[in-house]
Amino acid sequence: MIVVAGEALIDLVPQGTGALAPLKPALGGGPYNAAVALGRLGSPTAFCSRTSSDAFGEALLDGLRRAGVDVSAVQRGTEPTTLAVATVDENGSAAYSFYVDGTADRLFTAPAGLPQGTRAVSFGTCSLVLEPGASAYEELMRSAAAQGVFTTLDPNIRAVLIPDPDAYRARFKSWLPAVSLLKLSVEDAEWLGGTPREWLASGPAAVVITHGGDGLTVFTRDGAEHSVPGVPVAVVDTIGAGDTVNAALLHGLAARDALSPAALDALDADGWTELLGFAARAAAITCSRAGAEPPYASELSEPTGL
């Protein structure tokens, strides 16, 4: 079982240009998208979050169930669902503004334990920013790591939600000893400061940097660096692309029985190249269609090493 911990929200996606373009609601949130992507790829997946009992909350849970994701660990509340208003530029890149005050997912509390058979837990995005839930997710991350569970982190920076950037950067560094695999975009890396080598020295066994259409690079503790190019595609938008990369990496590592820091250390250049290539192909499919619509296993050929 791979557990994805974090927010589920509704993206309001513009259906045209200009500030008053009609908005179409879509299921979203970085962790939510990653859970759906994992389910579609065929990995046994559970979602750990808190969602509203409103109509949007019900739709979010239905989307997880359709992807085969276990929702038994999802907490519920009467507060409204978080809303993210997206704007998409001429290149398909998305930016967001958020409506988060008093919403259900902010009131997440750390569970007593993880679902039986949990092999990995994934964290990231708004859930690690918005209190009081952020502290609860941090508690879960540290407890999972202390139990020897493989952990992944995608900060997926939403700067508009971070009132004190320096405090967040310090908090990010404090998480690294509890992180097995760190994945972030080149834009996130620039915002956070530091380098992959510095982050590796603090705990992770590997750091994966995404470069948009230019591909992915992994940095490992033995000093190696492996890259793959992006997959050419007609981009509709980039919503959910990074979340798909997260899911593809976890799916591929699980298929290799490599969900441990030691197993990451043992991956050679060919193994990393195949794994990153698989993630690049999955992300390209997501970019080829509107909204966060990650691929199903039937749309992808597995790496030959899996």
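Modeller: The expected span of a helix is 1.5 Å times one less than its number of residues. Keep that rule in hand. The model here is predicted.

Biologist: How far apart are the end C-alpha atoms of H1, and what span should its 12 residues give?

Modeller: The 12 residues of H1 should span 16 Å at 1.5 Å a residue, and the end C-alpha atoms lie 17 Å apart, so the two values agree. What comes after H1 is Gly42, with a positive phi near 105°.

Biologist: Is H1 mostly covered or mostly open?

Modeller: Start with the general idea. An α-helix has 3.6 residues a turn, so residues three or four places apart point the same way. Now the case. H1 is mostly covered, with 12 of its 12 residues buried. Among them are Gly30, Pro31, Tyr32, Asn33 and Arg40.

Biologist: What about the largest pocket: how much space lies in it?

Modeller: About 1100 Å³. The lining of the largest pocket has 48 residues, and Ser185, Glu187, Thr238, Ala241 and Gly242 lie nearest its centre. Elements that supply at least two lining residues include H1, strand S11 (181-185), helix H5 (186-192), H7 and H9. The class count for this lining is 23 nonpolar, 17 polar and 8 charged.

Biologist: Next, the packing. Which residues have the most contacts inside the largest nonpolar core?

Modeller: Phe47, Leu64, Phe150, Leu216, Leu253 and Leu264, in a core of 52 residues. Helix H9 (residues 269-287) gives the most to this core, with 9 residues. Not counting residues up to four places away in sequence, Leu253 touches Phe150, Leu181, Ala258, Leu259, Leu264, Leu267 and Leu275. Another core, of 45 residues, lies apart from the largest one, and Val3, Tyr96, Tyr168 and Leu200 are among its members.

Biologist: Now single residues. Is Trp175 buried or exposed?

Modeller: The cut-off for buried is under 20% relative accessible area. Trp175 has 0% relative accessibility, so it counts as buried. Trp175 sits in helix H4 (residues 165-175). Leaving out residues up to four places away in sequence, Trp175 touches Leu128, Glu138, Met141, Arg142, Leu153 and Tyr168. Trp175 and Ser49 are 126 residues apart in sequence and 19 Å apart in space, C-alpha to C-alpha.

Biologist: And what is the relative accessible area of Ala59?

Modeller: It is 29%, so Ala59 is partly exposed. Ala59 belongs to helix H2 (residues 55-66). Its contacts, not counting residues up to four places away in sequence, are Leu27 and Tyr32. Tyr32 is also one of the buried residues of H1. Ala59 and Val85 are 26 residues apart in sequence, and 18 Å apart in space, C-alpha to C-alpha.

Definitions and conventions. Residues numbered from 1 in each chain as written. Predicted model: local features only at pLDDT ≥ 70, side-chain atom pairs only at ≥ 80, totals over all residues. Heavy atoms only, no water. Core = buried A, V, L, I, M, F, W, Y, C linked by side-chain atoms within 4.5 Å. Buried < 20%, exposed > 50% of the residue type's maximum accessible area, 1.4 Å probe, protein only. Helix = DSSP H or I, 4+ residues; strand = E, 2+ residues; numbered from the N terminus. Contact = heavy atoms within 4.5 Å. 1 Å grid on protein atoms, 1.4 Å probe; cavity = no way out; pocket = protein on both sides within 12 Å on 5 of 7 lines; lining within 4 Å. Points joined across faces, edges and corners; volume = space filled by probe spheres on them. Nonpolar A, V, L, I, M, F, W, Y, C, P; charged D, E, K, R; others polar.
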